[in-house]
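Keep the picture at hand as you read.

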Amino acid sequence: MLRALLLENIHPDAVAILEAAGIEVETRPGALDESELIETLADFHILGIRSKTQVTRRVIEASPGLLAVGTFSIGTNQIDLEAAAGHGVAVFNAPFSNTRSVVELAVSEIIALTRRLTVRDKALHDGVWDKTADGSHEVRGRTLGIIGYGNIGSQLSVLAENLGMNVVFFDTSEKLALGNARRVETLGELLEVSDTVTIHVDGRAGNAGLFGDDLFARMKPGAIFLNLSRGFVVDVEALREHILSGHLSGAAVDVFPTEPKKRGDHFESPLRGLDNVILTPHVGGSTEEAQQNIGLFVAKKLRDYLLTGSTTLSVNLPNLQLEHTGVGRIALLHRNVPGVLAAVNQVFADHGANIEAQMLATHGELGYVVTDISDVTHRGASSKLMAMDTTVRLRIRDAFDRPEFPPGPAAH
Ligand SMILES: NC(=O)c1ccc[n+]([C@@H]2O[C@H](COP(=O)([O-])OP(=O)(O)OC[C@H]3O[C@@H](n4cnc5c(N)ncnc54)[C@H](O)[C@@H]3O)[C@@H](O)[C@H]2O)c1
């Protein structure tokens, strides 16, 4: 029986999905360190983690029975993806399960800052009745400039337009403009027209220090700035200066160049204590709904990989979207070198197998060929496929005896 180990308090819906697929699930609340993980994984085929468990090359190499790892998070930095791919371990994450949560936080902050809500709130808590319209605006009719029009940026674009905002965006890739949003060709053009500038770029290394003093200086006087993407993208000292000088009228920051490790730790930042600046502890994607969505999303990807061999949205294996066909299936992950497919099909031909369907995808140095053959287990081709020096992992599903791929070790 296939067994899954889910660490770090993964949402119970993930357990339900895996158990419904006939997988035995064990859950543990905390993370495991490297040696504990190696020892524990000997009994499991699937590992589920969040951000604290490190799946190193050593862990992968010491766990030949491991078939797949689900990171119930957006990032995959905690896994050695190359080592996992090299040993035929599929890795799945949840790239957009918390998109809506980030977008809703951004919308709420745009309205709160444009209305100077935090200033009024603080004054009243301090016992001051500051009843004034000074500096408070509706967002309707104002222009939102979105830098990075990916999952989050484009979703924010839709909601902002529904609030009556005009949307412009800048993205380094070609992107479809949603609704009436208008693409601009340069960052400068975006900064010139935007009453609010919000950053939603990804965490590629080239984005370090993307937004500094020069770009803040080009923003409209009284404009508002948001960063809910990555901390290293923005120069927070420069942001502080532009808030203190009154050039910018407010900011919301959810991500910081250095962030405390755990809940309850002390937080230091040049942005603390500034007027009309909302600081949140990297909670853009942290809602109960997002946790549930992540649990469901990743568990379904793991289930589908185990039952059908489907690698859709795997971050490290060639992607093939596969359905149940009711016939036997041979899923071969191999080194992507010329002639592999011909050699594989020669093995099938030598055994008189009638191929009903075959799909191939490649990704860098890896290839994934999935072949449907009805009476798969009776032909004995598997030992020849396992012996090929290009084979990374072979999984065979018998249509009649087993609904799922049985656990099998990596070849090399
Ligand atoms: N605050 C949180 O809790 C939280 C939660 C989820 C995601 N995030 C972060 O939000 C960001 C966006 O996430 P996403 O899912 O929308 O990512 P995404 O990959 O879908 O979109 C990023 C977009 O930015 C564009 N881009 C990259 N560099 C750029 C640049 N220099 N100038 C203009 N465009 C650029 C890309 O072409 C892409 O369209 C990521 O950095 C992610 O880590 C934060």
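Arg-120 sits in helix H6, which spans residues 117–125 (helices are DSSP runs of H or I with at least four residues, numbered from the N terminus). This is a predicted model, where local features need pLDDT of at least 70 and side-chain atom pairs count only at pLDDT 80 or more, while totals for chains, interfaces and linings use all residues. Residues are numbered from 1 along each chain as its sequence is written, and side-chain values use heavy atoms, leaving out hydrogens and water.

Is Arg-120 buried or exposed? With a relative accessible area of 19%, Arg-120 is buried, a word that means under 20% with a 1.4 Å probe and protein chains only. Leaving aside residues up to four places away in sequence, Arg-120 touches Asp-130, Thr-132, Asp-134 and Ser-136 (contact means heavy atoms within 4.5 Å).

Now to the ligand. Around it are 27 residues, and Ile-152, Asp-171, Val-201, Asn-207 and Asp-254 come nearest (a residue counts as near with a heavy atom within 4 Å). This shell divides into eight nonpolar, 13 polar and six charged residues; Gly counts among the polar ones.

| Residue and its atom | Ligand atom | Distance |
|---|---|---|
| Val-201, backbone N or O | oxygen | 2.6 Å |
| Asn-207, side-chain N or O | nitrogen | 2.8 Å |
| Gly-284, polar backbone atom | oxygen | 3.3 Å |

Technical notes: Polar contact = N/O pair within 3.5 Å; in protein donor to acceptor, adjacent residues only side chain to side chain. Helix = DSSP H or I, 4+ residues; strand = E, 2+ residues; numbered from the N terminus. Buried < 20%, exposed > 50% of the residue type's maximum accessible area, 1.4 Å probe, protein only.
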